[in-house]
Amino acid sequence: MSNLIPDYHLHTSFSGDCDTDPYHLIEEMIRKGMTSACFTDHNDLDYPLPPDGCTFDNPIEVYIPALKEIQKKVASKFDLRIGLEQGVQPHTVEDLKNFTKKHPGLDFVICSTHYVEHDDPYYPGFFDGHDPMERYIKYFEEMLYTVKHFTDYNVYGHLDYIFRYGPGIKHKDNFKLSAFPAADLIEEILKTIIANGKGIEINTGALYRGMDYAHPHPETLKLYKDLGGEILTFGSDSHDDIHMGYRFEEAAELAKSMGFKYYSTFKQMKPEFIAL
């Protein structure tokens, strides 16, 4: 694990699907040689109640002050940034578009698409009765709507999240961007992200969830760079005290091989560029 690249996609007990104590997580990161990270707990407005009853509403009025207090207590040994993973759906864009102005104190926001037509591919049955390709296409159509109408974020998270759970694309060699029916959508999404001054992340969480590549697929990452994308963060998507910074050295080498010279951290929603 690299102690030079902070993990910018981490969950704690402030996320509905995680019970890891924030202090414990920081202590574990320090023990592993890390010096900085950003907590990005879930906030998913109008999340459809899943079979396990898990909810993802962030207690934002408590969350930011609580993390600020933690930030002060660990300041002498760890640089903690305060972030959020904003789960956005087309019908919630309007309600979320001024979120960071209404709730000052955030350093960083990930925008994520977790749902397709108000349904999360994480849960069994998502693909039942559907042509998988139709669901993939719909996923990227909803993402395109989001990036065209929502800009209150810094990077787009796990751009091809749906591939974690869908058939046929869990292995790198089973995907060819030029042959993918949603390739034009993906290109337009990336162009819009870049035009709006936003970035994407390399999310290594896929690597401990049964995939042999990090999000997004390397061909999509290369397209982002070729289109002029520069803002890049690294995130493990960890929900425990084991996977922080997971295989970041490998992810950094991949980024460098594609021409990236910098990665980004964020403070008060502004990017800081650090050489890879």
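A nonpolar core is a set of buried Ala, Val, Leu, Ile, Met, Phe, Trp, Tyr and Cys residues joined through side-chain atoms within 4.5 Å. Buried means under 20% relative accessible area, with a 1.4 Å probe and protein chains only.

This model is predicted: local features need pLDDT of at least 70, side-chain atom pairs count only at pLDDT 80 or more, and totals for chains, interfaces and linings use all residues. Residues are numbered from 1 along each chain as its sequence is written, and side-chain values use heavy atoms, without hydrogens or water.

Here are the cores.

| Core | Residues in it | Named members |
|---|---|---|
| Largest nonpolar core | 81 residues | Most contacts inside it: Met29, Phe39, Tyr63, Phe140, Phe163, Phe180 and Phe234 |

In soluble globular proteins, nonpolar side chains tend to be buried together.

Next, a helix pair. Helices are DSSP runs of H or I, at least four residues, and strands are runs of E, at least two. H5 spans residues 132-149 and H6 spans residues 183-195. Their axes, lines fitted to C-alpha atoms over the stretch in contact, lie 9 Å apart at about 20°. H5 and H6 are therefore roughly parallel, a term for angles under 35 degrees. Phe140 of H5 is part of their contact, and so is Ile189 of H6. Contact means heavy atoms within 4.5 Å.

Finally, His42. His42 sits in strand E2, residues 36-44. His42 is buried, at 5% relative accessible area. Leaving out residues up to four places away in sequence, His42 touches residues including His11, Asp17, Phe56 and His239.

Definitions and conventions:
Axes fitted to C-alpha atoms, helices over the stretch in contact; angles between N-to-C directions. Parallel < 35°, antiparallel > 145°, perpendicular 65-115°, else oblique. Buried < 20%, exposed > 50% of the residue type's maximum accessible area, 1.4 Å probe, protein only.
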